[in-house]
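Subject: Handover of a structure and the findings on it

Dear colleague,

Please find below the structure that I am handing over to you. My notes on what was found in it follow directly after it.

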Amino acid sequence: MPDVLLRRILSRGDLPGSDGGIYNPGALLTDEGIVLLARREIDYRFTPIVHAERIVLDPDTLDVVAHRTLRPRGYPEGARIEDFRLIEHRGEVLAVHTLVHAGQIRPMLSRLSGRHIEPAGPMALPIPLDLIEKNWVLFEHEGALHCLYKLDPLTILVREASGSWRVVGRSDNGWADGFRGTLSNSANLIPFQGGYLGFWHSIVDRRYVQGAMLLGPDLALRSRTGVLLDGRRAAPGHKPGVLYVSALVERDGRILAFYGEGDAHTGVAIFDAAALADELARHPFAPAEPVTVRLAPPNMGSLFRAMGELGTLSAQADDPHIWVQVSRPSLAEVVERFGVRGMSVRDLRGRDAFDYELGEG
């Protein structure tokens, strides 16, 4: 595993009005320096009073050389905007960030304009969404803005000239099967090794773990590392165990992975870029060859018997990948609660045949 140096950039309370933390920054390398856009909270009540703090770092020393608060305009009254991920696209500095409003949590796209942050267009993706959506990340590919929505199934969309989004790829790959928690994105992708570098995260025993991943120029998942950063190393904060990478910058042979720490502080993990590239090369990704199951139990007794069979299948495999298509959506949560190792409920409706048909009759 490559060596990594962790360094604190800003602590809670270092800037005026940051008693609720200053954390989860986006980042861009500019002529001005490394520009961060962090979430600044005045306290921990999580009211609509939250600020987008623009911070400039000296790119050589990573010291803070300037900061100011961007004024929001054009957002719904009472909305919160938070957790900004920055990207430069066609001469504009854009941020994909979370909008909390009217009982929903949704990412949206904004632009930084002088001393303001304002909406830049909808993020209405043409796919089924949950009530709470986070961790959408962006990257530029062949001159167009792309969104990496999910890692497994690997789901990528492109933004059309009209501002609408179109799915350009969706493929189940089995990466998520080895995680007890959710496998999620962390930071906007940056060009690296002929492809695009990103970070993944999951939650293990109530702490965040993070690693790197690389898309190839064909937007296929080329490689992914194991855990590079563990929330065990996070300093005490409002949320123990949280070390959350939110931005990546490459400069002078280093990868700077900026992160929020404990929902309180901003820090950076510094990797040697060549060592990180070597680590990725040691872990090429191959999609899983799963056992596919169509599950259609007429009653709870049939469901329990079917889940017992799936448990046996899992126990017989060293590295199980069991993909289940349920007969009705309401079954998905129930099936996943059984916690069968390597099993995941997936949308497999396009398949002509399944390895097993369980629960019928």
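**The nonpolar core**

The largest nonpolar core has 22 residues, and those touching the most other members are Phe192, Leu197, Phe199, Val245, Leu248, Ile255 and Phe271. A nonpolar core is a set of buried Ala, Val, Leu, Ile, Met, Phe, Trp, Tyr and Cys residues joined through side-chain atoms within 4.5 Å. Buried means under 20% relative accessible area, exposed means over 50%, and partly exposed lies in between, with a 1.4 Å probe and protein chains only. At least two residues of this core come from each of β15 (190-192), β16 (195-204), β17 (207-215), β20 (243-251), β21 (254-261), β22 (265-272) and α1 (273-281). The largest share, four residues, is supplied by α1. These elements are DSSP runs numbered from the N terminus: helices are H or I with at least four residues, and strands are E with at least two. In soluble globular proteins, nonpolar side chains tend to be buried together.

Phe271 is in contact (heavy atoms within 4.5 Å) with Pro2, Asp3, Val4, Phe199, Leu228, Leu229, Gly253, Arg254, Ile255 and Ala257, leaving aside neighbours within four places in sequence.

Please bear in mind that this is a predicted model, in which local features need pLDDT of at least 70 and side-chain atom pairs count only at pLDDT 80 or more, while totals for chains, interfaces and linings use all residues. Residues are numbered from 1 along each chain as its sequence is written, and side-chain values use heavy atoms, with hydrogens and water left out.

**The protein as a whole**

The protein has three helices and 26 strands. Its C-alpha atoms fill a box of roughly 70 × 45 × 45 Å along the principal axes. For 361 residues, a compact globule would have a radius of gyration near 21 Å, and the 21 Å of the protein agrees with this. That radius is taken over C-alpha atoms, and the globule rule is 2.2 Å times the number of residues to the power 0.38. Of the 361 residues, 53% count as buried. Among contacts between residues at least 6 apart in sequence, 53% join residues at least 24 apart.

The protein exposes about 16,600 Å², of which carbon and sulfur atoms supply 49%. Accessible areas come from the Shrake-Rupley method with a 1.4 Å probe, and for residues only the protein chains shown count as cover.

**Salt bridges**

Side chains of opposite charge can pair when their charged atoms come close. A salt bridge is a side-chain nitrogen of Lys or Arg within 4 Å of a carboxyl oxygen of Asp or Glu. By this rule the count is 28.

In the salt bridge of Arg232 with Asp230, N and O are 3.2 Å apart. Arg232 is exposed at 62% relative accessibility, whereas Asp230 is buried at 15%. Arg207 pairs with Asp205, with 3.9 Å between the closest N and O atoms. Here Arg207 is buried, at 14%, and Asp205 is exposed, at 59%. A network of salt bridges links Arg39, Glu41, Arg80, Glu82 and Asp83.

**Loops and backbone**

Most residues other than glycine have a negative phi, and most peptide bonds are trans. Where do the exceptions listed here lie?

- Leu62 has a positive phi of about 65 degrees although it is not a glycine. Leu62 lies in the loop between β4 (50-57) and β5 (64-72) and is buried, at 3% relative accessibility.
- Arg90, also not a glycine, has a positive phi of about 55 degrees. Arg90 is in the loop between β6 (80-89) and β7 (92-101) and is exposed, with a relative accessible area of 65%.
- The peptide bond from Asp152 to Pro153 is cis, with omega near 0 degrees. Pro153 lies in the loop between β11 (144-151) and β12 (154-159).

One further loop residue deserves a mention. Ser186 lies between β14 (184-185) and β15 and is buried, at 0% relative accessibility. Not counting residues up to four places away in sequence, Ser186 touches several residues, among them Arg85, Phe199, Trp200 and Val245.

Yours sincerely
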